[in-house]
Amino acid sequence: MERMEGERFKLWIDEHGIVHAHFKHDTEDLAGAKKGVEEIKQISGGVRHPVLVDIRRIKKISLDARRYYASEDSIGAHLAVALLAGSTMSRMIGNFFLGVNRPKFPVKLFDDESKAIEWLKKVKDQEA
Amino acid sequence: MHGEHDAMNNGDDRVRSIIEGIQRVASGDFSSPITVTGEEDDLDAIATGINMLTEEIAHRDKESNEKQEAILNILEDVNEAKEELEKATVALTESEEKYRDLVENINDVFYATDENGTITYISPIVSHIMDYHPEDIIGRPFMEFIHEDDLERIMEAFTDIVAGNLHPSEYRVMKKDGGYQWVRTSSRPIKDENGKLLGLRGVLSDIQEKKEREERLEKALTDLEKSNKELEQFAYVASHDLQEPLRMVSSYLQLLNRRYGENLDDTAKEFIDFAVDGSTRMSGLIQDLLKFSRVGTKGKPFEPTEMKEVVDTALKNLEIAIQDHEATVSVDEMPVASVDAGQMVQLFQNLIGNAMKFNRPGMAPEVKVGLGGSDTEWEFTIADNGIGIPEDQLERVFVIFQRLHPREEYDGTGIGLAVCKRIVERHGGRIWVESAEGEGSTFHFTIPKRRDE
């Protein structure tokens, strides 16, 4: 299992080819978002993977950072994104991202990691 | 209990803080976010959500303002562009009016055809030339108006123009009353970027008067040539036929003198001498007239001739005169020229003979036959040291039977230089003289180096 310790994320690719990206900090700004997207691209090795982003730790994410994560620049980093939320706070942030920032790639919010993985596997199979 | 109350109060404060934050946003103040305590409870989530919404609203508001400003800027640019366009349109309209004034008020006709030769535009001035109004002509083939005798030539010319060889064409066009009018057109082809012919544009000018002038001139020239030929023929026949009766007059006068001279007194004899002298001079005049007319009627074809031999022959014919006058004659190197050798001998003989005849008393004649010229013609010169010709008489010397001196001083009929002029002109050259009285004369004549025939 390939692992990587980035500045923004702790990352690994599981046996299903899903990139797991866990936020290491509780706040995110534009510079952090750019770095984070680079880290996901780095572990993906130039191949677009489904990505599970664990946002349970996040408490604050700036407007620029949200927009960057939803932008064209980050599309090249993944096939689809499952956001894994836990607290009301992270769910609020996740829903906000889905509803207000409306990224142009498949994205869904989950409380349950296994359901998130199932969905990502399905997306990957459909893509294949 | 006390701690729960504190928490309750604390909760109330946070709810109040959130309500105040929402009121600020509602009043348009996006600058102060609601405080998030870090307890990560529902109130913090609500505060975070409201803060994020506030950011979005503020940002979109800013974007909207920027877009509005951009739209206003664009509108301003559009207005400026519109004003510029209006100015340009006014200028273009003025320019078009000037152009139209120009096109429609000058005497030349502007026209345009499509690729098939159908007239698509013609300026109104055409009515002055062809009596047609533009609307009678536009939409009709240009060729329809061209005189049938000119049609083939003009179609070839237009084909040439389409190929890029631009040149004016002169031809007749039909007027409204069925008559014809001479015009000249200068056309140029109009092609698209691929070289496909779109049509012709050009200028048509009225050349009726010019053509009529040319025709009159041509007729006058033809008449003149005919008249000249008739005159030459008349002079030849008349002089030839006059010879015989004149000879008879002279012979019988001399016979009268011989047989009856003894019975005549001196006055009668003197009268007979006058009559014989008169008939002799008349015979000389007739002989000269014959020579003069023979230049035109009895000339031989031009052939390449050694001019040195021509001059030598002339000098040989003048040998006695040269000896009598103790004259010296120098001759430059002479070319080969295409001439009638007999007439050339006569020409040199006349000119060199004149140099002997009009010498200064007590001074031996010095004659120099020279050669000059240009790329196209030879220029021969015969210079002498004789008595010269007064400036006001220089033109007269070439006129037939014009004498500058009394017969008693210099004999001759005054035809020699007129014959020279006819010979030179028959050869396509020019003759003139430069002279100053008492300082000698230089006669010049030219002969073309090449002949078309």
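The exercises below treat one chain, then the contact between chains, then the other chain.

The model is predicted: local features need pLDDT of at least 70, side-chain atom pairs count only at pLDDT 80 or more, and totals for chains, interfaces and linings use all residues. Residues are numbered from 1 along each chain as its sequence is written, and chains are lettered from A and ligands numbered from 1 in the order in which they are written.

**Exercise 1. Determine the strand order of the open sheet of six strands in chain A, and state which strands stand at its edges.**

Step 1. List the elements. Helices (H or I, at least four residues) and strands (E, at least two) are DSSP runs, numbered from the N terminus.

Step 2. Find the pairs. Two strands pair if DSSP finds at least two bridges between them. Strands β2 (residues 9-13) and β3 (residues 19-23) of chain A run antiparallel and are joined by five bridges. Within this pair, Leu11(A) stands opposite Ala21(A) of β3(A).

Step 3. The order is β1-β2-β3-β5-β7-β8 (chain A), with mixed pairing. Its edge strands, β1 (2-5) and β8 (107-110) of chain A, each pair on one side only. From one strand to the next, the twist averages 20 degrees; axes are lines fitted to C-alpha atoms, for helices over the stretch in contact, and angles run from 0 to 180 degrees between N-to-C directions.

Step 4. Helix α1 (residues 30-44) of chain A lies across β1, β2, β3, β5 (49-54) and β7 (78-84) of chain A, at about 20 degrees to β2(A). Helix α4(A) lies across β7 and β8 of chain A, at about 160 degrees to β8(A).

**Exercise 2. Which helix of chain A gives the most residues to the side that touches chain B?**

Step 1. Count the contacts. Two residues are in contact if their C-beta atoms, placed from the backbone, lie within 7 Å. Ten residues of chain A are in contact with ten residues of chain B.

Step 2. Assign them. Helix α4 (residues 88-101) of chain A gives the most, with six residues.

Step 3. Classify them. The chain A side comprises six nonpolar, two polar and two charged residues; Ala, Val, Leu, Ile, Met, Phe, Trp, Tyr, Cys and Pro count as nonpolar, Asp, Glu, Lys and Arg as charged, and the others, Gly among them, as polar.

**Exercise 3. Trace the pairing of strand β1 (residues 109-114) of chain B, and place the strand in its sheet.**

Step 1. Follow one partner. β1(B) pairs with strand β5 (residues 197-206) of chain B in the antiparallel sense over six bridges, and Thr113(B) has Leu200(B) as its bridge partner.

Step 2. Follow the other partner. β1(B) also pairs in the antiparallel sense with strand β2 (residues 119-122) of chain B, over three bridges. Here Ala112(B) is bridged to Tyr121(B). β1(B) and β2(B) form a hairpin with four residues between them, and Gly117(B) in the turn has a positive phi of about 85 degrees.

Step 3. Compare the faces. In a regular strand the side chains alternate between the two faces of the sheet. Val109(B), Tyr111(B) and Thr113(B) form the covered face of β1(B), whereas Phe110(B), Ala112(B) and Asp114(B) form the uncovered one.

Step 4. Place the strand. The open sheet of five strands has the order β2-β1-β5-β4-β3 (chain B), with antiparallel pairing. β2 and β3 (169-174) of chain B have a single partner strand each, so one side of each is left without a neighbour in the sheet.

**Exercise 4. Why do the buried residues of helix α8 in chain B line one face of the helix?**

Step 1. Identify them. A residue is buried if 20 or more other C-beta atoms lie within 10 Å of its own, exposed if 12 or fewer, and partly exposed in between; C-beta atoms are placed from the backbone. In α8 (residues 307-317) of chain B, Met307(B), Val310(B), Val311(B), Ala314(B) and Leu315(B) are buried.

Step 2. Look down the axis. The buried residues of α8(B) fall within an arc of 130 degrees, so they line one face; the arc is that of the directions from the helix axis to the C-beta atoms.

Step 3. Find the cover. The elements over these residues include β6 (303-306), α9 (319-325) and β9 (366-373) of chain B.
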